[in-house]
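Good morning, colleagues. Please take a moment to look at the sequence and the structure, and I shall then walk through a few features in turn.

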Amino acid sequence: MRYIFNFPDIGEGLDEGTIAEWYVQKGQKIESGQPLVNMETDKVVTDIPSPKSGVIVATYGKVGETIHVGSPLVEIEMEGIDGAAAVAEASTTEAVAEEGAGVVGTLEVAGNNAYLPSSNEGLEGKPDSHHEGRQAKKSLATPVARAMAKDLGVDINKVTGTGPAGRVTTNDIQTYVQKAKVPSTNAVSPNAASQMDAGPRVEYEPLSTIRKTIAKNMIQSKHNAAHMTVFDEVEVAELIRIREKYKKPFGDKGVKLSYLPFVLKGLAVALKHHKSLNSQLDLDNNRTIYKKYYNIGIAVDTEDGLVVPVIRDVDKLSVFEIAQKINEISDKARNKKLSIDDMKDGTFTVTNYGSIGGQFAVPVINYPQAAILGIGRMVEKPVIKGDQIAKGTVLPLSLSVDHRIIDGGEVARCLNRLMGYLADPVSLIME
């Protein structure tokens, strides 16, 4: 019996994923629950287990290709076929697919490594110089490679392909341009020609699933929320002193202590006094949802893009416990170990761009949340202490809110309360 397993809906509104790694191959025996493939979605990287036991007859999609929810991932023979026969059957299936027949498992998205039959796109067929009247043979190539060849004015038939069956890839185009120093088909100035001699003037890189989702979410936020941002800064000499005092004891317990745990703790307490910043607008039901729990998302900068894992019930955690959680989720994010549960149900977001650089910014709200706090880079500057001017260290803060829900006065009051906690951290335990 043949069973076609489609990419399942794993929740959180995900509708596609990118294949990061295959764990199985055609002809391999598998057991129910055994991981089949590692998929990168817009929020997490996760293993997809097999729902059945049997022999893999075919896999659909290569590493780096995008698969939509509901599209086939693997075909499994559950009985009556051995491994060798499965490989033979899979080869037949692939041969049919190459001929253009409608085969279950055809991908909807053609990536850099997806192939189509040869065409005249991006080039003009010319007679074969050795056989008068005969058209030159057209190269097989990926769609992205054809587009690149057209942009660079390269005759793709002259490029030696290194892909399967001699197909031309984008890397082949780049190598050809670098070696042959091919000029553009359009007239160029000597300076431009000199620049082209140095190598390709453009580089193509497919959008990752995370990057596409970031783009979609940013547009959604800007289109659906009325952004307003308040900037301020707080002198944090006492916070620095306390952090220095406890940095080593925390480190002895395996926990790195930064300033962020203090910010999160102060923020959770402040949100209890200013509930509109921990809310969500529900226009469909003509109401505002005020959340009485404080799950704060932390924007983490990774090689693949920005992810926002969530620390739950921050108001109930100590500074030490918050520091532990920050260490854990940061490591998971950078090692692609975040799960769907790590990303769910945030009520407020913090982005610490100051850890890299920059004092002030205008953070974009993590819609449908109502507010986001940006933390800038600490700087030393003159401050007034009593009646004297002294050297101080200030922490810049940027608080963006949905102005449909939150008025400017409430933003300023919430920010003032948070700054009070950061200027005098002991006051957090005096509430």
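A residue is called buried when its relative accessible area is under 20%, exposed when it is over 50%, and partly exposed in between. Lys336, at 41% relative accessibility, is therefore partly exposed. Please bear in mind that this is a predicted model.

Let me stay with the backbone around Lys336. This residue sits in the loop between helix 8 (319-334) and helix 9 (340-343). Its phi is positive, at about 55°, although Lys336 is not a glycine. Asp345 also has a positive phi, of about 60°, and is not a glycine either. Asp345 belongs to the loop between helix 9 and strand 16, and with a relative accessible area of 40% it is partly exposed. Where is the cis peptide bond? It joins Tyr367 and Pro368, with an omega of about 10°. Pro368 is placed in the loop between strand 16 (348-351) and strand 17 (371-375). As background, most residues other than glycine have a negative phi, and most peptide bonds are trans.

I turn now to the chain as a whole. The protein chain has ten helices and 19 strands. Of its 431 residues, 42% count as buried. Among contacts with a separation of 6 or more, 62% come from residues 24 or more positions apart.

The largest nonpolar core holds 57 residues, and Leu264, Val350, Leu373, Leu397 and Leu422 touch the most other members. Helix 7 (residues 260-273) gives the most to this core, with nine residues. Apart from it lies another core, of 15 residues, including Phe5, Ile48, Ile67 and Leu73. Leaving aside residues up to four places away in sequence, Leu422 touches Val234, Val236, Leu239, Phe262, Val263, Leu395 and Leu397.

Is Ser427 buried or exposed? Ser427 counts as buried, because its relative accessibility is 19%, and the cut-off for buried is under 20%. Ser427 lies in the segment after helix 10 (408-423). A polar atom of its side chain is 2.5 Å from the backbone oxygen of Asp424. With residues up to four places away in sequence not counted, Ser427 touches Gly420 and Tyr421.

Finally, the surface. Phe231, Phe360 and Val362 form a nonpolar patch there, with about 280 Å² of accessible area together. Phe231 belongs to strand 9 (residues 227-235) and is partly exposed, at a relative accessible area of 41%. The protein chain exposes about 22,800 Å², of which carbon and sulfur atoms supply 50%.

Note on methods
Residues numbered from 1 in each chain as written. Predicted model: local features only at pLDDT ≥ 70, side-chain atom pairs only at ≥ 80, totals over all residues. Heavy atoms only, no water. Patch = residues over 30% accessible without salt bridge, like charges linked within 9 Å, V, L, I, M, F, W, Y side chains within 5 Å. Areas by Shrake-Rupley, 256 points an atom, 1.4 Å probe, with all protein chains shown as cover. Salt bridge = Lys/Arg side-chain N within 4 Å of Asp/Glu carboxyl O. Helix = DSSP H or I, 4+ residues; strand = E, 2+ residues; numbered from the N terminus. Buried < 20%, exposed > 50% of the residue type's maximum accessible area, 1.4 Å probe, protein only. Polar contact = N/O pair within 3.5 Å; in protein donor to acceptor, adjacent residues only side chain to side chain. Contact = heavy atoms within 4.5 Å. Core = buried A, V, L, I, M, F, W, Y, C linked by side-chain atoms within 4.5 Å.
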